[in-house]
Amino acid sequence: MAVECTAQTEVIGDRMIVRLPADASAALPSRGQIAATVTVNATPYPTVIEPDGRRGHWIAIDDGLRSQLHLDAGATVQLEIEPTKSWPEPEVPEDFSAALADAHDLTDVWEDITPMARWEWVRWINATKNPVTRDRRVEVGISKLRSGKRRPCCFDLSSCTDPEVAKSGKLVEPE
């Protein structure tokens, strides 16, 4: 079932997002990440909807869609959200990708886990600005995958883990 709503674009740092209205977010099947096709002003946009850490959700608007739709901060957009079980492949960060490439014994393991699980690994590694913590997470991630773990560990799946737009697990307010 599609969720329809109207929302406004926001810019946090140099990132454009759309924070979903509470009623639209409440109609979604999970408080965590959700794979979906989101139609933005009649343009289909396959994406992963992110949790905001406040029982709501937000959508990142990439530069291509922003340019295509000529969106500025504060623009009103019409959304139709269609959750899907088909997860897109995550963009694996360079450091983790290099570690996976060096761990030849994990090629089959990485390919065998679901795209949703790969999103969780990427999300867990990306959830820190501290380079020492990040390096440790890459190392621990490889170790956990080697030991048979298919998902990272016990982190709050409903928190906002993107350090560019979050503070203490919550999506920051626009400036």
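**Surface, fold and strand pairing**

The accessible surface of the protein chain comes to about 9500 Å², and carbon and sulfur atoms account for 50% of this area. The structure is a predicted model. The C-alpha trace of the protein chain spans about 45 × 35 × 30 Å along its principal axes. For 175 residues, a compact globule would have a radius of gyration near 16 Å, and the 17 Å found for the protein chain agrees with this value. Of the 175 residues in the protein chain, 45% are buried. When contacts between residues at least 6 apart in sequence are considered, 70% join residues at least 24 apart.

The secondary structure of the protein chain consists of six helices and eight strands. Read from the N terminus, the order of the elements is β-β-α-β-β-β-α-β-α-α-α-α-β-β. Six strands form a closed barrel in the order 1-2-5-4-3-6, with antiparallel pairing. Neighbouring strands of this sheet are turned against each other by 45 degrees on average, direction ignored.

Strand 1 takes part in two of the pairings described here, one with strand 2 and one with strand 6. Strand 1 (residues 3-12) and strand 6 (residues 76-83) run antiparallel and are joined by six bridges. In this pairing, Cys5 stands opposite Leu79 of strand 6. Strand 6 is also joined to strand 3 (residues 34-40), by five bridges and again in the antiparallel sense. Here Thr37 stands opposite Glu82 of strand 6.

The pairing of strand 1 with strand 2 (residues 15-19) is antiparallel and comprises four bridges. Val11 stands opposite Met16 of strand 2, and Ile12 stands opposite Arg15 of strand 2. The two strands form a hairpin with two residues between them, in which Gly13 takes a positive phi near 65 degrees. Strand 2 also pairs with strand 5 (residues 57-61), to which it is joined by four bridges, the two strands running antiparallel. In that pairing, Val18 stands opposite Ile59 of strand 5.

Strand 2 is largely enclosed by the rest of the structure, because five of its five residues are buried. The cover extends to both faces of strand 2. Arg15, Ile17 and Arg19 are buried on one side, and Met16 and Val18 are buried on the other. Val18, in turn, is the residue opposite Ile59 in strand 5.

The structure holds zero disulfides. Cys5 is in no disulfide, and the nearest cysteine sulfur, that of Cys160, is 18 Å away. A disulfide would require the two sulfur atoms to lie within 2.5 Å. Cys5 is buried, with a relative accessible area of 8%. Cys160 also counts as buried, at 4% relative accessibility. Both values fall in the buried class because that class covers relative accessible areas under 20%.

Key: Residues numbered from 1 in each chain as written. Predicted model: local features only at pLDDT ≥ 70, side-chain atom pairs only at ≥ 80, totals over all residues. Heavy atoms only, no water. Pairing = 2+ DSSP bridges. Axes fitted to C-alpha atoms, helices over the stretch in contact; angles between N-to-C directions. Buried < 20%, exposed > 50% of the residue type's maximum accessible area, 1.4 Å probe, protein only. Rg over C-alpha atoms; globule rule 2.2 N^0.38 Å. Contact = heavy atoms within 4.5 Å. Areas by Shrake-Rupley, 256 points an atom, 1.4 Å probe, with all protein chains shown as cover.
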